[in-house]
Amino acid sequence: MNKTYLLVIICCCLYIGACTGTANAYGAFIVPLSQQMGALRGTVSLASTIYGIISGLCATLMLWAIRKFPLRIVMLVTAICSSLLTCSFGFMDNVYLYLASNLFKGVLNSIFSSTIIIFVIGNWFKDYRSSISALALGFSGIARALYSPLFSHMITTYGLRIGFFTMAFFQFVLVLPAFLFLTLTPEEKNFKPFTSSSAKEKGKKEENMRPLPYKVNDPVFYALCAVSILMALLIHINNHLNGFARSLGKPALGPLLVSSIMLGNLFFKFFAGIVCDRFGDQYGAAFGCVTAILACTIMLVSSNDIVLLIGAFILGTAYGNQITTSALIRHVYGNKQYADVFAAQSVPYGLMYFGSMIFGYIYDFTGSYRPCFVVGIVLQVIALLLSIYILNVHKKHQNS
């Protein structure tokens, strides 16, 4: 692999740090925002639900944008708009104005997101596609591990407004390398997609596979969407880890839990990529569900600081849902239908942003974050059963 492909990976990682990395650090702002606006935490958390749903409904906007305009222009314009919008949050003291502004954030988020990187990596790499995607997407974990204590410090020391300004700075600066170098396809730089002998052998096996025909009204497609959403809902527990630590009387543990889950984000995304590349794309979802169930169980039953940090680290596996869902789509529907299926499932995927609101209201009405982990276990069990159903239908189709 020459330096050009390595540079593509680096640009993808930094871009993820700008969009997904900062979005994952939203939890540092929930409590200060609720206090400043005099609103419930669940109500403030509703913002992520709003922009998530709008982002899902506008998912096809990203495909239109990158086909209509050069990738670098799309990246720069959306980064500038996102940064300015983030800065404006620091001047808002009305929760309803804040919630309304997240409608526009949702439109931006449909383009300024990790989805665009999945397509870039898919075009640039044929070999180790899942592992490279996991490495790039996992950079959001590194970014969050750094952002969470940084943003918390800026908010505590200089105020909420400076905290938002700091977030906006990273949203803009980390996009610049991608703006200067990245292209949607390697052909635009007179390169070919990175491949190897193992990729050619895998490609021959994929050609012999009989993918399921893509139909929007197919129960398998609905099951696929459900698996994607249920696995992703668990991500939003991270926005409440600071509050969880405070509810245990350990406020200093909160930032450490957030950093731990983001380190787990990096590790388990990459590990999920390895599972998919080495053992088969079909095993990624089951791996993610089982690991997440273990993590939720640990967080539910333990009060020990070290054990909670380990549980939070394992909980980082929830962030691997993009890797495992992408792999499952390729396994079931094949490469030719991949783009259409991925774009279609991205529309209902926005429902996963209900997670932050759901977990916030669970605390508001029960006074405890423990029930959040019970809900998390139930969600992952359902997702595991649905993934088994999808694979069984696909297997029957192969044998028919």
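Predicted model: local features only at pLDDT ≥ 70, side-chain atom pairs only at ≥ 80, totals over all residues.
Me: How many cavities of 30 Å³ or more does a search of the whole structure find, and how much space lies in the largest cavity?
Reply: The search covers the whole structure and keeps cavities of 30 Å³ or more, which gives five. For the largest cavity among them, the space is about 600 Å³.

Me: Which residues that line the largest cavity are the closest to its centre?
Reply: The lining of this cavity is made of 38 residues, and helices H2 (20-24), H4 (41-57), H5 (59-68), H8 (115-124), H18 (321-333) and H19 (338-349) each give two or more of them. By class, the lining divides into 16 nonpolar, 21 polar and one charged. The residues closest to the centre of the largest cavity are Ser114, Gln322, Tyr349, Met352 and Tyr353.

Me: Which charged residue belongs to the lining of the second largest cavity?
Reply: This cavity has a volume of about 140 Å³, and H2, helix H6 (71-89), helix H7 (95-109) and helix H10 (160-173) each give two or more residues to its lining. The lining has six nonpolar, five polar and one charged residues.

Me: Which helix gives the most to the lining of the second largest pocket?
Reply: This pocket has a volume of about 240 Å³ and is lined by 18 residues, with Ala28, Pro32, Ser152, Asn242 and Arg246 nearest its centre. The lining divides into eight nonpolar, eight polar and two charged residues. Four helices, namely H3 (27-37), H9 (129-158), H14 (241-247) and H15 (253-279), each supply at least two residues. The helix that gives the most, with five residues, is H3.

Me: Which residues touch the most other members of the largest nonpolar core?
Reply: In soluble globular proteins, nonpolar side chains tend to be buried together. Here the largest nonpolar core has 128 residues, and those touching the most other members are Tyr98, Ile117 and Leu182. The helix that gives the most to this core, with eleven residues, is H13 (residues 219-233).

Me: With which residues is Tyr98 in contact, leaving aside its neighbours within four places in sequence?
Reply: Tyr98 is one of the core residues that touch the most other members. Once the neighbours within four places in sequence are left aside, the contacts of Tyr98 are Tyr26, Leu33, Met37, Val44, Ala47, Phe89 and Met92.

Methods:
Residues numbered from 1 in each chain as written. Heavy atoms only, no water. 1 Å grid on protein atoms, 1.4 Å probe; cavity = no way out; pocket = protein on both sides within 12 Å on 5 of 7 lines; lining within 4 Å. Points joined across faces, edges and corners; volume = space filled by probe spheres on them. Nonpolar A, V, L, I, M, F, W, Y, C, P; charged D, E, K, R; others polar. Core = buried A, V, L, I, M, F, W, Y, C linked by side-chain atoms within 4.5 Å. Buried < 20%, exposed > 50% of the residue type's maximum accessible area, 1.4 Å probe, protein only. Contact = heavy atoms within 4.5 Å.
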